[in-house]
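Hi,

Here is the structure I promised to pass on. Have a look first, and then read on for what turned up in it.

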Amino acid sequence: GRVLVAEDDAAMRDLVVEILRADRREIVEVGSGEEMLEVLRERSVATWPEDAFDVIVTDHRMPNGNGLATIERIRRAGCSTPI
């Protein structure tokens with residue numbers, strides 16, 4: 001499946017990605033909530049399609065785009081992808 005990983009700590013992001021890649025998942029990595037929103041917009045056929053990613057893994061505290069606030073924005077836009 002396709003996974004979006006948003007984590008500002010590069011070492012932690014590398015660890016999460018390494019674990020997820022072991023299951024042969026397609027991984028897209030970003031370092032902020034702002035980048036996460038950009039990727040979701042770019043990969044979307046509609047505004048927030050269900051099939052852009054199978055799951056989103058995000059840090060809840062990140063600079064320039066708190067993960068929780070970003071999740072709230074994604075949900076308000078209608079995205080129900082598991083986070």
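**Salt bridges and cores**

Let's start with a charged pair: aspartate 23 and arginine 25 join their side chains in a salt bridge, 3.8 Å from N to O. By salt bridge I mean a side-chain nitrogen of Lys or Arg within 4 Å of a carboxyl oxygen of Asp or Glu. Aspartate 23 counts as exposed because its relative accessibility is 52%, and arginine 25 is partly exposed at 32%. The cut-offs there: buried is under 20% relative accessible area, exposed is over 50%, and partly exposed is in between (1.4 Å probe, protein chains only).

Before going further, a word on where this comes from. The model is predicted, so local features need pLDDT of at least 70 and side-chain atom pairs count only at pLDDT 80 or more, while totals for chains, interfaces and linings use all residues. Residues are numbered from 1 along each chain as its sequence is written, and side-chain values use heavy atoms, with hydrogens and water left out.

Back to the charges. The whole structure has four salt bridges. Glutamate 29 takes part in one with arginine 13, at 3.7 Å from N to O. That pair ties together distant parts of the chain, 16 residues apart: glutamate 29 sits in strand β2 and arginine 13 in helix α1 (residues 10-21). Helices (H or I, at least four residues) and strands (E, at least two) are DSSP runs, numbered from the N terminus. Glutamate 29 also forms a salt bridge with arginine 21, where the closest N and O atoms are 3.8 Å apart.

Glutamate 29 is partly exposed at 35%, and so is arginine 21 at 44%.

Now the nonpolar side. A nonpolar core here is a set of buried Ala, Val, Leu, Ile, Met, Phe, Trp, Tyr and Cys residues joined through side-chain atoms within 4.5 Å. The largest one has 14 residues, and those with the most contacts inside it include Leu4, Met36, Phe53 and Ile74. Two or more residues each come from β1 (2-6), β2 (26-30) and α2 (33-43), with α2 giving the largest share, four residues. Apart from this core lies another, of five residues, among them Val3, Val5, Val17 and Ile27.

Which residues does valine 39 touch, leaving aside its neighbours within four places in sequence? They are Leu4, Val28, Val30 and Phe53, where contact means heavy atoms within 4.5 Å.
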